[in-house]
Amino acid sequence: MNATDRLRAAVVTAARSLGAPADFAPVIERPRDPTHGDWATNAAMALARPLGKKPADIARALVDALDKGAAGVADASVAGPGFINFRLAAGDLAAGLATVLQLGEQYGRTQDGAGRAVNVEFVSANPTGPLHVGHGRQAALGDAISSLLVYTGWTVTREFYYNDGGGQIERLRDSVRARAIDSALGDDHYHGEYVRDVATYAIERIAADRATTSGAVRQMLATEWEDDAALRDAVRRHAVAYLRGEQDTDLKAFGVRFDVYYLESSLYGEQRVDGTISALMKTGHAFEQDGAIWLRTTTFGDDKDRVMKRSAEKGGEPTYFVPDVAYHVTKWERGFARAIDVQGADHHSTVTRVRAGLQALEIGIPKGYPEYVLHQMVTVMRAGEEMKISKRAGSYVTVRDLVDEVGRDAVRYFFLMRKGESQLVFDVDLARKQSDENPVYYIQMAHARLCGIFRVGEVDAAAVTGAGVDWARLSEPEERELVKTLLDWPALVKGAADALEPHRVATWLLETARLVHLWYHKHHVLGEAPEVTQARLALAKAARIVLANGLAVLGISAPERM
RNA sequence: GCGCGAGUAGCUCAGCUGGAUAGAGCGUCGGCCUCCGGAGCCGAAGGUCGUGGGUUCGAAUCCCGCCUCGCGCACCA
């Protein structure tokens with residue numbers, strides 16, 4: 001049991017003796033103002049209503065009833081409207097660091113997920129062009145959310161869904177052909193410069209396949225396009241392969257790996273799309289109108305019903321959300337207790353539809369399945385101006401542009417430092433700066449600095465285990481603050497995981513780094529009295545561990561020197 | 001028009017699921033270099049939490065109305 005749980009248990013015991021209900025669960029928290037104490041509880045205020053007494057009176061009674069020894073506090077006092085503030089003996093507070101040193105990179109991990117399977121789907125870009133900044137934000141978010149879930153005991157599968165069916169791929173194919181034969185581009189073609197590279201690649205591959213020359217392939221593309229289905233298919237195949245390869249390269253450079261690449265086209269091969277339509281018709285939530293088959297999604301909270309299968313005159317194909325439903329059924333069937341989809345907010349209209357489809361199947365999928373993490377758009381700024389033009393993509397900035405220019409760590413941090421629902425302004429100039437103005441630098445510097453202490457002092461960090469440390473030596477205000485923040489890490493990471501909000505980790509890291517710098521600047525570790533140096537080395541190592549753990553969750557490196 | 005998101009310091013944003021005097025970074029102003037790295041640190045100024053009501057011991061946080069901005073409202077994907 002940790003210090004907080006011990007304190008909470010003691011408060012509950014005292015509250016029960018005053019007649020508190022059996023399920024009473026007071027909040028134990030750190031007061032915002034450190035002069036108030038190390039911990040505080042709102043127990044008296046929360047009991048005001050059930051007990052019918054004034055919070056201040058209850059607070060005094062609680063303090064009298066509290067077993068301070070069992071609670072592990074040196075002092076308890078009533079303040080403000082009825083808060084009870086607790087102060088720990090200096091040594092008792094810092095003794096918590098022993099756990100940090102003992103657990104190392106395990107510190108903060110929990111088993112909340114109990115090994116259950118969760119699927120995190122993100123990026124899922126169509127293979128029609130390079131990854132742009134929005135995909136980058138999604139890659140950073142999805143990867144960090146996955147890490148948070150791993151950290152809290154879930155078995156995570158990172159998944160990338162390829163929309164390799166549908167009209168966009170035909171558009172890509174036709175664009176490549178247009179580029180290959182230098183014909184004019186229409187409104188329904190992709191205009192990015194990258195299409196030229198795709199065309200070059202496709203021509204070379206087709207020339208190799210057919211044992212002929214590039215020139216001959218160009219000629220065929222110009223004259224035999226309409227008649228040669230195999231040629232059209234070859235262009236499509238090679239174009240998709242090329243762009244998938246490019247996307248993989250970008251993601252690798254960004255340090256993101258996927259466990260599963262799921263192809264939309266495979267759903268058709270397995271008859272899952274048609275199967276989903278007939279299954280939905282069987283459950284009675286479908287109906288026919290105007291020659292099309294509709295799903296009554298309004299039953300499940302949608303504002304209008306949706307077409308599942310187009311009428312004959314519109315081609316008779318299923319609409320987009322049907323394969324999406326079929327796809328999510330596979331997640332359920334593959335045994336994922338939770339499915340989390342990270343998407344741009346411009347896709348939020350599909351949320352209701354997909355969930356409605358899953359519910360309408362009536363196969364026991366929970367109502368909130370899948371969970372969605374939606375994020376707003378990214379604006380890239382340079383020299384105070386919005387950047388839109390990329391050499392590669394033409395009309396938007398790519399992930400590769402950003403990673404090339406500012407580095408992977410900075411890109412990750414900048415994408416993760418805001419909550420997803422906030423629009424994000426990516427300041428390229430700031431991200432490039434190698435100074436304290438740049439938050440990622442500031443945090444990494446704190447880590448490097450702590451490593452520097454061991455390096456300069458020629459202290460073997462592995463030998464600092466916390467054994468024999470007189471924790472009461474860590475009595476400076478800056479030390480107490482830092483200690484408390486480090487001990488907050490497990491609760492912080494749990495909260496971030498539960499809320500699927502990695503930005504909390506980013507914000508917390510910045511605050512922790514600030515406290516490290518402050519402490520470092522004001523107090524020396526080396527060259528003090530042996531007991532003091534020993535205690536401070538323990539603190540330095542604990543801080544280094546926790547910073548490294550936090551950076552690891554975000555997928556950012558923790559350099560030992562800068 | 002309907003739905004979703006956002007509106008907090010000059011700027012960019014946090015605010016831990018309702019708590020104490022609303023915070024951080026940057027910017028501005030004023031200080032600090034014999035130092036385990038100045039790639040740093042300290043201090044100050046700066047707020048009607050968009051707005052008007054409501055709920056209660058207590059609201060930036062929950063509810064309702066209104067305003068502004070973004071996104072979405074296909075037999076597109």
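The model is predicted. The surface near RNA strand B draws its largest share, 8 residues, from helix α21. An open sheet of 4 strands is also present, with antiparallel pairing.

**Surface near RNA strand B**

- Of the 58 residues around RNA strand B, those that come nearest are Phe83, Gln168, Arg310, Asp436 and Tyr520.
- By class, this surface has 22 polar, 21 nonpolar and 15 charged residues.
- Sugar or phosphate accounts for 65% of the atoms of RNA strand B within 4 Å of the protein, and bases account for the rest.
- Gln168 places a polar side-chain atom 2.3 Å from a sugar or linking oxygen of RNA strand B.
- For Ser349, an N or O atom of the side chain is 3.4 Å from a sugar or linking oxygen of RNA strand B.
- Leu526 uses its backbone instead: an N or O atom there lies 3.4 Å from a base oxygen of RNA strand B.
- The elements that give two or more residues to this surface are α2 (43–51), β4 (83–87), α19 (439–456) and α21 (503–522).

**The four-stranded sheet**

- Strands of a sheet pair through backbone hydrogen bonds, in either a parallel or an antiparallel manner.
- The strand order in this open sheet is β1-β2-β4-β3.
- Strands β1 (28–29) and β3 (75–79) are the edge strands, each pairing on one side only.
- β1 and β2 (residues 39–41) run antiparallel and are joined by 2 bridges.
- Ile28 stands opposite Thr41 in β2.

**Helix α11**

- Helix α11 (residues 229–253) has 25 residues and reaches 36 Å from its first C-alpha to its last, close to the 36 Å expected at 1.5 Å a residue.
- At its N-terminal end, α11 is capped by Asp228, a side-chain oxygen of which lies 3.1 Å from the backbone nitrogen of Ala230.
- The buried residues of α11 include Leu231, Ala234, Val235, His238, Tyr242 and Asp250.
- An α-helix has 3.6 residues a turn, so residues three or four places apart point the same way.
- The buried residues of α11 pack against α7 (133–151), β6 (155–162), α8 (167–180), α9 (194–209), α10 (214–223) and α16 (399–406).
- Gly255, with a positive phi near 80°, follows α11.

**Helix α8**

- The 14 residues of α8 should span 20 Å at 1.5 Å a residue, and the end C-alpha atoms are 20 Å apart, so the two values agree.
- Among the buried residues of α8 are Ile169, Leu172 and Val176, together with Arg173, Arg177 and Arg179.
- The packing partners of the buried residues of α8 are α9, α10 and α11.

- Most residues other than glycine have a negative phi, and most peptide bonds are trans.
- Tyr369 and Pro370 are joined by a cis peptide bond, with omega about -5°.
- Pro370 is found in the loop between α15 (349–360) and β12 (371–375).
- Glu362 lies in the loop between α15 and β12, and its phi is positive, near 55°.
- Glu362 counts as exposed because its relative accessibility is 51%, the cut-off being over 50%.
- Ala211, in the loop between α9 and α10, has a positive phi near 50°.
- Ala211 also counts as exposed, because its relative accessibility is 72%.

Notes
Residues are numbered from 1 along each chain as its sequence is written. Chains are lettered from A and ligands numbered from 1 in the order in which they are written. This is a predicted model: local features need pLDDT of at least 70, side-chain atom pairs count only at pLDDT 80 or more; totals for chains, interfaces and linings use all residues. Side-chain values use heavy atoms; hydrogens and water are left out. Two strands pair if DSSP finds at least two bridges between them. A residue is near a molecule or strand if one of its heavy atoms lies within 4 Å of it. A polar contact is a pair of N or O atoms within 3.5 Å; within protein, one must be able to donate a hydrogen and the other to accept it, and residues adjacent in sequence count only if both atoms are side-chain atoms. Ala, Val, Leu, Ile, Met, Phe, Trp, Tyr, Cys and Pro count as nonpolar, Asp, Glu, Lys and Arg as charged, and the others, Gly among them, as polar. The expected span of a helix is 1.5 Å times one less than its number of residues. Buried means under 20% relative accessible area, exposed over 50%, partly exposed in between (1.4 Å probe, protein chains only). Contact means heavy atoms within 4.5 Å.
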